[in-house]
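I opened this entry to keep track of what I look up, one stop at a time. The structure comes first, then my notes.

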Amino acid sequence: MSYNNIISKENNGITTITINRPKKLNALNRETIQELHEAFDEADNDKDTKVIIITGSGEKAFVAGADISEFADFDVNEGTSLAAKGQELLFNFVENLSTPVIAAVNGFALGGGLELAMSAHFRVASDNAKLGLPEVSLGVIPGYGGTQRLPQLVGKGRAMEMIMTAGMIDANQALSYGLVNHVTSLEELLPLCEKMATKISRNSTVAISAAIRAINANYKDGVDGYNVEVTEFGNCFGTDDFEEGTTAFLQKRKADFPGE
Ligand code: COA
């Protein structure tokens, strides 16, 4: 499928989705959010894709936020619907995808950009990255899940400070906060993410999807994550991947997972 604002390419089991509005620092306008939804959905349903990497084009920004020019004149109802639709189409959608998603944060990840990176299953940053939720400097708050996911990742106190100050932290501080898992040079960012993606892709995709559901259950109100784990664990025993994984181990060979 061809898009106006993003590029999506599959290679060796890895689909890399690149947000491609470098002149606007890859800001998320409505069309980009819709296209990202379609690209993530397509990659998630693609049998060849084992891991998705999301990144930004250029050397300056991952995503510098939601496109401010699109919502500057919104009223209360339009603002509410902007957040609700965005969460449904992209941010919650990515978090709950069956296919693992790695955010390769290659520069500014601000507002909706950091919120998108936080929706991914984990994050790797280049050493020029700057991360923050500056919304209160615009008289608004994060609306794409930032008030929920930032405290989950860095703790309540740090999230309060980041959101209240509207400041940016650099890649190494993000690493010390646990907001990103690794920091590397800009040149090494995609190669490192691809290396990790390749490692992930050797494992059972069915079990990985079950693990994503079980881990995410820990963050859902009214859901007992331990019960979800029991159910997901049990379901693994009915899969071809489980049969192949255990048989390969006992036969002292590498598993070749059918992905079912
Ligand atoms: N929405 C819309 N346009 C944006 C944008 C956003 N979130 N972030 C950057 N842009 C646009 C700028 O308006 C500018 O467009 P122009 O050349 O047509 O004027 C272009 O991207 C380049 O940005 P610029 O501000 O000139 O780059 P800079 O290097 O001086 O500053 C930032 C970089 C990231 C510090 C600055 O762009 C910024 O503060 N952006 C907004 C961040 C934000 O508040 N995000 C949260 C939104 S809820």
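**The ligand and its shell**

I began with the residues around the ligand and sorted them by class: the shell has nine nonpolar, one polar and five charged residues. I kept in mind that this is a predicted model.

Next I asked which of the 15 residues around the ligand come nearest. They are Lys24, Lys60, Ala64, Ala66 and Ile68.

Then I looked at the polar atoms. A polar side-chain atom of Lys24 sits 2.6 Å from an oxygen atom of the ligand. Lys23 takes part through its backbone: an N or O atom there lies 3.4 Å from a ligand oxygen atom. Ala64 also uses its backbone, with a polar atom 3.0 Å from a nitrogen atom of the ligand. On its own the ligand has 870 Å² of accessible area, and the protein covers 59% of that.

**Asn26**

I moved on to Asn26. I found Asn26 in the loop between strand E2 (14–19) and helix H1 (30–44). Is Asn26 buried or exposed? Its relative accessibility is 0%, so Asn26 counts as buried. I also checked what its side chain reaches. The side chain of Asn26 comes to 3.0 Å from the backbone oxygen of Ala61.

I turned to the backbone angles. Most residues other than glycine have a negative phi. I wrote down two residues that go the other way.

Asn12 is not a glycine, yet its phi is positive, at about 50°. I located Asn12 in the loop between strand E1 (6–11) and E2. Asn12 has a relative accessible area of 70%, so I logged it as exposed.

Ala166 is the other entry. Its phi is near 60°, again positive in a residue other than glycine. Ala166 lies in the loop between helix H6 (156–165) and strand E9 (168–170). Here the relative accessible area is 18%, and Ala166 is buried. The cut-off for buried is under 20%.

**Ser137**

I looked up Ser137 next. Ser137 is in the loop between strand E8 (130–132) and helix H5 (146–154). With 54% relative accessibility, Ser137 counts as exposed. What lies 2.6 Å from a polar atom of the Ser137 side chain? I found the backbone oxygen of Pro134 there. I also took one distance across the chain. Ser137 and Asn29 are 108 residues apart along the chain, and their C-alpha atoms are separated by 19 Å.

**Ala103**

I took another such distance from Ala103, a residue of strand E5 (residues 101–105). Ala103 is buried, since its relative accessibility is 0%.

I went to Ser204, in the loop between helix H8 (186–201) and helix H9 (205–217). Ser204 has a relative accessible area of 8%, so it is buried. Its side chain makes a polar contact with the side chain of Asp241, at 2.6 Å.

Which residues of helix H11 (residues 240–250) are buried? I listed Asp241, Glu244 and Ala248. They cover an arc of only 65° around the axis, so they lie on the same side of H11. I recalled the helix rule: an α-helix has 3.6 residues a turn, so residues three or four places apart point the same way. I then checked the face of H11 turned away from the buried side. That face carries the exposed residues Glu243, Phe249 and Leu250.

**Aromatic rings**

My last stop was the rings. How many aromatic pairs does a search of the whole structure find? The search gave three. One of them joins Phe237 and Phe242, a tilted pair with 4.5 Å from centre to centre and 40° between the planes. Both rings belong to one aromatic cluster, formed by Phe233, Phe237 and Phe242.

Phe237 stands at 47% relative accessibility and counts as partly exposed. Phe242 stands at 30% and also counts as partly exposed.

How values were computed
Residues numbered from 1 in each chain as written. Predicted model: local features only at pLDDT ≥ 70, side-chain atom pairs only at ≥ 80, totals over all residues. Heavy atoms only, no water. Near = heavy atom within 4 Å. Polar contact = N/O pair within 3.5 Å; in protein donor to acceptor, adjacent residues only side chain to side chain. Areas by Shrake-Rupley, 256 points an atom, 1.4 Å probe, with all protein chains shown as cover. Nonpolar A, V, L, I, M, F, W, Y, C, P; charged D, E, K, R; others polar. Phe/Tyr/Trp six-rings, centres within 6.5 Å; stacked < 30°, edge-to-face > 60°. Buried < 20%, exposed > 50% of the residue type's maximum accessible area, 1.4 Å probe, protein only. Helix = DSSP H or I, 4+ residues; strand = E, 2+ residues; numbered from the N terminus. Arc of directions from axis to C-beta.
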